[in-house]
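Here is a short report for a reader new to this structure. Take a look at the model, then read on.

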Amino acid sequence: MPYVMVMGSLSAPHLSKDEGATVYGLKNDERASLLRELNTSFGMQVAVSSEQDRTVRVTQKGLTLVVVNRLHALFGYDVVSHAMAMTNANRELVSFTMYKKTSSGHNTGHSTSSQSHGHSHGHGHSHSGSHKGHSSVVTL
């Protein structure tokens, strides 16, 4: 599945509710690489992998955007859309849907257009579902 989801929180410094981030949808080898990369670069354990849930959980505060960045740098995932919500605990939850381009030229053109769409409008998720061959994004 070329789509992954990153869910985390963007808290103001005075709020202590930031609980890190969780990455859904990575393959086994990608989970292992991300885990190694994050823990090595911070020199401590900031991420754990759950084989049962097929997730990578980042326990360090404030790393949601770092994780999104690393997913792009390591594996070539691009942000298709993002959404934010404020919870009643004064926590801003943010989710990023990311898509990895496939090697075929046809799909590359489509994902590039849906990626720029997502950046300009923030609705790339719903629009990319209308492209042929991308209907799987709706099932997330």
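Helix 2 buries Thr64, Val67, Val68, Leu71 and Phe75. They lie on the same side of helix 2, because they cover an arc of only 100° around the axis. The arc is that of the directions from the helix axis to the C-beta atoms. Buried means under 20% relative accessible area, exposed over 50%, and partly exposed in between (1.4 Å probe, protein chains only). Asn69 and Ala73 are exposed on the other side of helix 2.

An α-helix has 3.6 residues a turn, so residues three or four places apart point the same way.

The model is predicted: local features need pLDDT of at least 70 and side-chain atom pairs count only at pLDDT 80 or more, while totals for chains, interfaces and linings use all residues. Residues are numbered from 1 along each chain as its sequence is written, and side-chain values use heavy atoms, leaving out hydrogens and water.

The buried residues of helix 2 pack against strand 1, strand 2, helix 1, strand 4, strand 5 and strand 6. Contact here means heavy atoms within 4.5 Å. Helices (H or I, at least four residues) and strands (E, at least two) are DSSP runs, numbered from the N terminus.

Helix 2 has twelve residues, which should span 16 Å at 1.5 Å a residue. Its end C-alpha atoms are 16 Å apart, which agrees. The expected span is 1.5 Å times one less than the number of residues. Gly76 follows helix 2, with a positive phi near 85°.

## Helix 1

Which residues of helix 1 are buried? They are Glu30, Arg31, Leu34, Leu38 and Asn39. Their arc around the axis is only 145°, so they sit on the same side of helix 1. The face turned away from that buried side carries the exposed residues Asn28, Asp29, Arg36 and Thr40.

Cover for the buried residues of helix 1 includes helix 2 (64–75), strand 3 (47–50) and strand 5 (77–86). After helix 1 comes Gly43, whose phi is positive, near 70°.

## The largest pocket

The largest pocket has a volume of about 160 Å³. Among its lining residues are Met7, Glu19, Tyr24, Arg57, Arg91 and Val94. Strand 1 (3–9), strand 2 and strand 6 each give two or more residues to this lining. The lining divides into five nonpolar, four polar and three charged residues. Gly counts as polar, while Asp, Glu, Lys and Arg count as charged.

A pocket is an open set of points on a 1 Å grid over the protein atoms alone, where a 1.4 Å probe fits, with protein on both sides within 12 Å along at least five of seven lines; lining residues have an atom within 4 Å of a point.

Technical notes: Points joined across faces, edges and corners; volume = space filled by probe spheres on them.
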